[in-house]
Amino acid sequence: MFPRLDFANGLLPAGGGLTIRGGSAKVEGAFDVQGSGSSCSGAMTVTTDGLSLDTGGVGMKGGFKLALTVPRGDLLKRTFDVDGMKITLDRFTFASQHEAATAPDWNASITFPKAHLEIGDAFAVRGTMKLHASDSRPVAAFLSKDKPLKGWKKKLVTVGKIEGGSRFSLAGGTLEVDDFSVGWEGTEVKARLRTTPQGPKGKALVRVGILKAGISLEGKERDLHLVGPTSWFEKR
């Protein structure tokens, strides 16, 4: 049992815009150790109670569950394959200042078909992820930040299933996301970014119907690129 969860803020990427404000967690599971004592396998779940988050100035509260399976691990090296890891976010509500606060609760699941975890001298994890969510409010809020897609906000917000995926790595306090793609109802968002102490840095390409726009991500700033957005996005 973890009576306080804010200790986990040290594992989150600097400048990622996510801060744990409160909550507790219960951990359950079992592991088998084989041979010389270094090889292991097992599973565990982490379930939170009263989880409270700050996501770049917008508060969220809800339920969180992490289900973790370790088919292969090395206790001496402290490295583990965590294929099939799943995070479930349930009944999340937004703070009242969020313009879509009256919409239904937000739910999502994030699965990691392939992932590798290292908890030796430094914490690191890398792999692939798949996202399923009940609506697009967090995506729209992240892209717009009140500009430059102010006129697109209603088009970007939908209450209905959205799906996406990406490759990612988290090491040295920096999160890198590549090949991120998410879509819903004639809308598609592609992005690649990394976190910095000042905030996320990267690019996004948004398509709504026949309309396209590129968005540069520079900390809290969002700059719009309407001329040749696809070729602009594809340039590294």
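In which strand does S181 lie? S181 lies in strand β10. The legends below describe a predicted model, in which local features need pLDDT of at least 70, side-chain atom pairs count only at pLDDT 80 or more, and totals for chains, interfaces and linings use all residues. Residues are numbered from 1 along each chain as its sequence is written, and side-chain values use heavy atoms, with hydrogens and water left out.

View 1. Strands are DSSP runs of E with at least two residues, helices are runs of H or I with at least four, and both are numbered from the N terminus. S181 has 27% relative accessibility and so counts as partly exposed; the term covers values between buried, under 20% relative accessible area, and exposed, over 50% (1.4 Å probe, protein chains only). From S181 to G73 the C-alpha to C-alpha distance is 30 Å, and the two are 108 residues apart in sequence. Strand β10 also holds D179, which is partly exposed because its relative accessibility is 45%. The phi angle of D179 is near 55°, a positive value in a residue other than glycine. Most residues other than glycine have a negative phi.

**View 2. R91 in strand β5.** R91 belongs to strand β5. With a relative accessible area of 52%, R91 is exposed. Its phi is near 55°, which is positive although R91 is a residue other than glycine.

**View 3. The aromatic pair F112 and F168.** Rings of Phe, Tyr and Trp (its six-membered ring) pair if their centres lie within 6.5 Å; planes under 30 degrees apart count as stacked, over 60 as edge-to-face and the rest as tilted. By this rule there is 1 aromatic pair. The ring centres of F112 and F168 are 5.5 Å apart and the planes meet at 70°, so the pair is edge-to-face. F112 is in strand β6 (residues 106-112) and F168 in strand β9 (residues 159-171), so the pair ties together parts that are 56 residues apart in sequence. F112 counts as buried because its relative accessibility is 10%. F168 is also buried, at 12%.

**View 4. N107 in strand β6.** N107 lies in strand β6. Its relative accessibility is 26%, so N107 counts as partly exposed. N107 and T158 are 51 residues apart in sequence, and their C-alpha atoms are 13 Å apart in space.

**View 5. Charges over rings.** A charge sits over a ring if NZ of Lys or CZ of Arg is within 6 Å of the ring centre and within 35 degrees of the ring normal. The charged end of R192 is placed in this way over the ring of F233, at 4.7 Å from its centre. For R222, the ring below the charged end is that of F142, and the distance to the ring centre is 4.8 Å.

View 6. Rolling a probe the size of a water molecule over the atoms shows where empty space is left. On a 1 Å grid over the protein atoms alone, a cavity is a set of points where a 1.4 Å probe fits but cannot get out, while a pocket is an open set with protein on both sides within 12 Å along at least five of seven lines; lining residues have an atom within 4 Å of a point. Grid points are joined across faces, edges and corners, and a volume is the space filled by probe spheres set on the points. The second largest pocket holds about 320 Å³ of space. Its lining has 15 residues, and R192, L193, R194, K201 and G202 lie nearest the centre. Two or more lining residues come from each of β9, β10 (174-184), β11 (187-196), β12 (199-208) and β13 (211-218). The lining divides into 3 nonpolar, 2 polar and 10 charged residues (nonpolar: Ala, Val, Leu, Ile, Met, Phe, Trp, Tyr, Cys and Pro; charged: Asp, Glu, Lys and Arg; polar: the others, Gly among them).

View 7. D83 is in the loop between β4 (79-81) and β5 (85-94). At 18% relative accessibility, D83 is counted as buried. A polar contact is a pair of N or O atoms within 3.5 Å; within protein, one must be able to donate a hydrogen and the other to accept it, and residues adjacent in sequence count only if both atoms are side-chain atoms. The side chain of D83 has such a contact with the side chain of R72, at 3.4 Å. Another, at 3.5 Å, joins the side chains of D83 and K114.
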